[in-house]
Amino acid sequence: MKKSFPRPMSLSRVKITDELYGSYVNLVAEKIIPYQWDILNDRVPGAEKSHCVENFRIAAGESQGDHYGPVFCDTDAYKWLEAVAYCIENGSDGRYEPTADDLIDLIGRAQRPNGYLNTYYTVVSPGQRWLNLTEGHELYSAGHLMEAAVAYYKATGKDKLLQIACKFADLICEVFGSGQKQCQGYPGHQEIELALVKLYHATGRARYLELADFFIKERGVRPNYLIEEIQRRQGNGLFKEFADYDEEYAQSHQPPVEQKTAEGHAVRALYMYAAMADLAIEQDDQQLNEACLKLWNNITTKRMHITGGVGTSGHLERFTVDYDLPNNSTYCESCASIALMMFGQRMASLTGDASFYDIVEKSLCNTVLAGIAVTGDKYFYVNPLEVWPENCKPSTSMSHVKPVRQPWFPVACCPPNIARTLASLAQYIYSQDDLSLYINQFISSELETSLEGAKIKLKLESSFMQDGLVTIQVQASAACSLKIRMPGYCDYPDFTLDGSGVIPTVENNYAVFILNGNGEYEISMKYEVKPHFVAANHRVRADAGKAALVKGPYVYCLEEVDNGSELSNIFIDTTANIQEGMPLAGMPGRLPVIKYSGKKIISSIADDSQLYGKPVWKFDDVNLTAVPYCLWCNREVGEMLVWQKVERLI
Ligand SMILES: [Zn+2]
């Protein structure tokens, strides 16, 4: 019998009622989708030009002009369509369906008769198709088309975009493969691999799964396809930063199954690892399974910020070495944390272990939420853990760090990626296999599903971040098994079943409840979720002698608006009294602020007009207010600091 792996829940079965996340889901429907549609049509004054929809018109021969934007900018439209699809499927909004249908018609008209679809290569370089896989992003863009097509088909039952995507996928299946007349190349930017698995699920066509497998297996084979391709091009490239291209950058230095450490461009890496986990599930492949575990462990125990941010090099957006986690100059692209969520979700399915969802949650509630303003129309691409706005200066080594969220970007992968992630949040809350229903996140919501003939209605109410309480009411028409994730960062909670204390069996970090038959049940969990300081491993140079404040999965930070400037002069006592305060006014959810006292250096040398001098320390006692990192920079521009110096270490 084929092993049953937990599958993410269909969005249509879940209604998110959570104060915090419900507001973000609504924000996608009400503000982000219309805002991003205006952006894609260049109707937002002052924002970076997108030209995305116009590129499709030009490619379709319906408008004159030049292609504008990066080679992969078609993906902005595809991710927008995916977010629209998720809003239709989750029931939050269907207003944009007619607009989406029009865009899909336009995309169809821009498709070449043989199925090829890419506005850059159609308009600018039609003779160069498939000749620059290293930089051209044709397969990456095709992947996002496939993801959008599957989502739109699932949400609406309309298959026009699915047919467009399949026609292109069929062409790619012809062009790429191990046959003598086929190209033995693979994408310079991975993404299509996981998209092909989705397309396989939507259509049942095995050739899509086989192509995903081919792309993973071919990567890293000697001689290196991408390096040979670069040599063939003799220096003619699209990106000047790729002049010293190295194999690790796009993870082609080894076959993926042999890779043990996360190397190169973080988003490329994590999309590939997600696809490897998909293939490990589909093919019950133990070697891929073990490779995924090694890569996951390398990232989460040595190469990840406390915020779930990954890819710390400001140059080329890549992983560097173990414990290299700089706070002010780090990259931590929003997309990389989204991709880490995707990898973690698949690893939880592959292993049946809830602990992967601790990292999914960490990435979501810190870096991914921080990536978007509470107003929905401004975004971070880079997510530092320390900001001094004045030194985030263009044309310097800090130019990648923006101290305020931006209306759009010349390379705009992150904003629509955040939109599609928040609109499909339900997939991270619940999953199910043939035998059990899994609760993976404590996000208030209602669910209706069926399991082994049992109809299940479930209501989850969480005030986890206020008082640590999670209550789950279940109506089941027959016996069923419910598995509830137990977060690794909390002590064992008090459980009750129908008002009586119980100690459930724990399997793979899930508390297991077998509900005996038709009836109503109420399960509650009461956790201790007090704010506390944590330190980093002593090998993390950037955090030596420092501590960060956390409450549950949420990381807190100091902002200038509450604590004055020169936050780096603050010293804290990690044993001091910590108090929770009222949430910030006007912010979604009811995340408390946290108050504690510390000391601040107000002068360090006798003559402040000099730069250096004999130490003469003067301190003030200060009252500090820390706010959730995910909400930083929603009030005023200013300094921000996560890791704070500790006053007394010994
Ligand atoms: Zn991005």
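Helices here are DSSP runs of H or I with at least four residues, strands are E runs of at least two, and both are numbered from the N terminus. A residue is called buried if 20 or more other C-beta atoms lie within 10 Å of its own, exposed if 12 or fewer do, and partly exposed in between, with C-beta atoms placed from the backbone. Among the buried residues of α15 are P415, P416, N417 and R420.

Two notes on reading the model: residues are numbered from 1 along each chain as its sequence is written. The model is predicted, so local features need pLDDT of at least 70 and side-chain atom pairs count only at pLDDT 80 or more, while totals for chains, interfaces and linings use all residues.

## Helix α11 and its partners

Follow α11 (residues 266-283) next, together with α12 (residues 286-302): their axes come within 8 Å and cross at roughly 145°. Axes are lines fitted to C-alpha atoms, for helices over the stretch in contact, and angles run from 0 to 180 degrees between N-to-C directions. On the α11 side, Y273, M276, A277, L279 and A280 take part, and they meet L288, N289, A291, C292 and L295 of α12. Contact means that two C-beta atoms, placed from the backbone, lie within 7 Å. Sorted by class, this contact of α11 with α12 holds nine nonpolar residues, one polar and no charged. Nonpolar covers Ala, Val, Leu, Ile, Met, Phe, Trp, Tyr, Cys and Pro; charged covers Asp, Glu, Lys and Arg; the others, Gly among them, are polar.

Helix α8 (residues 192-203) also packs with α11, at an angle of about 35° and with the axes 7 Å apart. Here E193, L194 and V197 of α8 come together with Y271, M272, A274, A275, D278 and E282 of α11. The contact of α8 with α11 has six nonpolar, no polar and three charged residues.

## The nonpolar core

How many residues does the largest nonpolar core have? It has 210, and V28, A165, L270, M276, C292, A339 and C557 are those with the most contacts inside it. The largest share of this core, 14 residues, comes from α11. A core of this kind is a set of buried Ala, Val, Leu, Ile, Met, Phe, Trp, Tyr and Cys residues joined through C-beta atoms within 7 Å. Leaving aside neighbours within four places in sequence, L270 is in contact with A336, A339, L340 and F343.

## Two loop residues

A243 sits in the loop between α10 (225-233) and α11. A243 is exposed because 9 other C-beta atoms lie within 10 Å.

Y323 belongs to the loop between α12 and α13. Y323 counts as partly exposed, because it has 16 C-beta neighbours inside 10 Å. Residues up to four places away in sequence not counted, Y323 touches K302, N537, R539 and V540. Y323 and N537 are 214 residues apart in sequence, yet 8.2 Å apart in space, C-alpha to C-alpha.

## Three domains

The protein is divided into domain 1 (7-429), domain 2 (435-526) and domain 3 (532-646), with bounds from an automatic or database domain assignment. The C-alpha centres of domain 2 and domain 3 lie 37 Å apart. Their contact takes four residues from domain 2 and six residues from domain 3.
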